[in-house]
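Biologist: Could we go through this model together? Please begin with its surface.

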Amino acid sequence: MRITGYKSHGVAAAVALVNAVTSADGDDSADALREVLRGNGFFWHEFDAADAGEFRQWGRTLRPFFEAAGLDEAMGLLNGLMLELPLHPHLAEHDPHGVHMHYAPPSSRLPDRFRATTLMHLAELVVEHGIDRTGVCDAEGCDRVYADTSRAGRRRFCSEACANRTNVAAFRARRRG
C-alpha cells in the first residue's frame, strides 16, 4: 500500500524550499533550488534559473503555514492558495512512480507543477494529521521549519543537531541548578 500525505516528497520539498528561502542559514541560489528539486524527486533537469524567483516567492508564501498558531489559520492559508492556483487533478503513469496523482495541468511549467504538488501534499498532511507534525524548530536561535515523518509524531526540531544541542543545554542547566 502506498502511503501519501506527510511521507510524500511534496511535503519534504516544501520544507526544504521554505528553509532554503526563509531561514537565516538558507541558500536560495539557483543551484540550491535545483538541489531541492532533485533531492525530492521533482524533474530538476527542467529547472531554469530564470524561474528561481518564482520558487523563492513560493517558499515565502508557504512559511506562514509552518508558523500557523492553529488549525483554522493553517486551513485558511491552504484553502486560499488552492483557490489561487490552477489545480487540475488527474491520474498519470510514468516511471518510476507508476499510477499516481498530478495536480497541475499536464502542460504546466515546473514552478506551477511544484506549487500544485507541494500545496496538495501539505493539504493531505493536514487532513491526515492536523498541524501537530509541522512547525518552526524549537531550538534557540533556529528559524528552520520541519514536518515530522516519524511514527511517534513528537518531533519539535528541524534536525538531530538542533535536538541534541537543546537537550545537552537542558541537561547542563539541570546539573548547574
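Modeller: The accessible surface of the chain is about 9900 Å², and carbon and sulfur atoms contribute 52% of it. Accessible areas come from the Shrake-Rupley method with a 1.4 Å probe, and for residues only the protein chains shown count as cover. The model is predicted: local features need pLDDT of at least 70, side-chain atom pairs count only at pLDDT 80 or more, and totals for chains, interfaces and linings use all residues. Residues are numbered from 1 along each chain as its sequence is written, and side-chain values use heavy atoms, leaving out hydrogens and water.

Biologist: And how many helices and strands does the chain have?

Modeller: It has six helices and four strands, counting DSSP runs numbered from the N terminus (helices H or I, at least four residues; strands E, at least two). From the N terminus the order is α-α-α-α-β-β-α-β-β-α. The radius of gyration is 17 Å, close to the 16 Å that the globule rule gives for 177 residues, so the chain is as compact as a globular protein of that length. That radius is taken over C-alpha atoms, and the rule is 2.2 Å times the number of residues to the power 0.38.

Biologist: What share of the residues is buried?

Modeller: Of the 177 residues, 42% count as buried. Buried means under 20% relative accessible area, exposed over 50%, and partly exposed in between (1.4 Å probe, protein chains only).

Biologist: Take A68, then. Is it buried or exposed?

Modeller: A68 is buried, at a relative accessible area of 14%. This residue sits in the loop between α3 (52–67) and α4 (71–84).

Biologist: Which residues does A68 touch?

Modeller: Leaving aside residues up to four places away in sequence, A68 touches E73, A74 and I131; a contact means heavy atoms within 4.5 Å. A68 and I131 are 63 residues apart along the chain, with their C-alpha atoms separated by 8.3 Å.

Biologist: Now R151. Where does it lie?

Modeller: R151 is in the loop between β4 (145–147) and α6 (160–176). R151 is exposed, with a relative accessible area of 82%.

Biologist: How far is R151 from E35 in space?

Modeller: The C-alpha atoms of R151 and E35 are 27 Å apart, and the two residues are 116 apart in sequence.

Biologist: Lastly, over what separation do the contacts in the chain run?

Modeller: Among contacts with a separation of 6 or more, 55% are between residues 24 or more positions apart.
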